[in-house]
Amino acid sequence: MGDIILEARHINKYFHDPVDVKVLSDINLIIKKGEFVAVTGKSGCGKSTLLYILSTMDTDYSGELLIEDVTMNNKTEPELARIRNEKIGFVFQFHYLLNEFTVLHNVMLPGLKLNKYPAAEVEHMAMEKLNMLGIGQLAIKKANQLSGGEKQRVAIARALINNPCIIMGDEPTGNLDKKNSEIVFNIFYELASQQKQALLIVTHDEEFAARTQRTIKMEDGKIYLI
Ligand SMILES: Nc1ncnc2c1ncn2[C@@H]1O[C@H](COP(=O)(O)OP(=O)(O)OP(=O)(O)O)[C@@H](O)[C@H]1O
Ligand SMILES: [Mg+2]
């Protein structure tokens, strides 16, 4: 049991606007420590909707979500915000870095927000993450002075700053060329195999998905293969 990082039990989700539509139907899944899992499926099948629920950002659903064996169902929003910041790293297709801040500051932000370590310690940890991703030399640059591939690596460093037990990605390589997608894949692979972090990555890239450990396939709001 101690190896289960995330568990979804019978999750259903409706959107009500303009009419009631069921977008997720009886989703059950388990993600274990160190697993590298892809989520695939046609546009509109519910992948992003599912990721928003699994990452605790959307709480408007029925069913149960557990993170490290703790139910998320009766948590308040401030409690969820803290759990998100501490346990979940998120990487989007577009990086959402703050352009006016340095790379180092961008990576430090979730660590400062967590308020667990003093700023100097957070800065040290941020430099460690940047060095691990091979972009330590970019630390003092402004985010808008970077290439797309570099920005995405900074976004990954930022997602890692609080040493989350799970990293979720919504098309994290969707905006990258083949070479940079490969770099991101390799980073994810090492995070899973060496740091034992779990990865749950939504992707349209079949090649990327085929090289992960396991692919969750979705169709019309249902999982049809785990
Ligand atoms: N806020 C919303 N209100 C109503 N319907 C929504 C809302 N957000 C998404 N939907 C609908 O829910 C379904 C699932 O959307 P979702 O964004 O999860 O798809 P997806 O699998 O991530 O697609 P893509 O691969 O294009 O990103 C779609 O039919 C979409 O139109
Ligand atoms: Mg989507």
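Helix H1, residues 47–54, supplies three residues to the shell around ligand 1, the largest share of that shell. Helices here are DSSP runs of H or I with at least four residues, strands are runs of E with at least two, and both are numbered from the N terminus. The structure is a predicted model, in which local features need pLDDT of at least 70 and side-chain atom pairs count only at pLDDT 80 or more, while totals for chains, interfaces and linings use all residues. Residues are numbered from 1 along each chain as its sequence is written, chains are lettered from A and ligands numbered from 1 in the order in which they are written, and side-chain values use heavy atoms, with hydrogens and water left out.

A residue belongs to the surroundings of the ligand if one of its heavy atoms lies within 4 Å of it. Among the residues around ligand 1 are Phe 15, Asp 17, Lys 47, Ser 48, Thr 49 and His 204. The shell divides into three nonpolar, six polar and three charged residues. In this division, Ala, Val, Leu, Ile, Met, Phe, Trp, Tyr, Cys and Pro count as nonpolar, Asp, Glu, Lys and Arg as charged, and the others, Gly among them, as polar.

Polar contacts, here pairs of N or O atoms within 3.5 Å, link the ligand to several of these residues. A polar side-chain atom of Thr 49 lies 2.5 Å from an oxygen atom of ligand 1, and one of Ser 43 lies 2.6 Å from an oxygen atom of the ligand. Gly 44 takes part through its backbone, with a polar atom 2.8 Å from a ligand oxygen. Taken alone, ligand 1 exposes 640 Å², and the protein buries 57% of that; these areas come from the Shrake-Rupley method with a 1.4 Å probe.

Helix H1 also lies across strands S1, S2 and S4, running at about 55 degrees to S2. Contact here means heavy atoms within 4.5 Å; axes are lines fitted to C-alpha atoms, for helices over the stretch in contact, and angles run from 0 to 180 degrees between N-to-C directions. These strands belong to an open, antiparallel sheet of four strands in the order S2-S1-S4-S5, where two strands pair if DSSP finds at least two bridges between them. Strands S2 (21–32) and S5 (70–71) each have a single partner strand, so one side of each is left without a neighbour in the sheet.

Within this sheet, S1 and S2 pair over eight bridges, one of which joins Ala 8 to Leu 29 in S2. A hairpin of five residues connects S1 to S2. Pro 18 lies in the loop between them, and the peptide bond from Asp 17 to Pro 18 is cis, with omega near 0 degrees. On the side of S4, five bridges join S1 (residues 4–15) to S4 (residues 62–67), and Glu 7 has Leu 66 as its bridge partner in S4.

A second open sheet has six strands in the order S6-S7-S8-S3-S9-S10, with mixed pairing. Its edge strands are S6 (88–92) and S10 (222–225), each pairing on one side only. Strand S3 (residues 36–40) runs parallel to S8 (residues 198–202), joined by four bridges; Val 37 has Leu 200 as its partner in S8. Helix H5 lies across S6 and S7, at about 165 degrees to S6.

Methods: A polar contact is a pair of N or O atoms within 3.5 Å; within protein, one must be able to donate a hydrogen and the other to accept it, and residues adjacent in sequence count only if both atoms are side-chain atoms.
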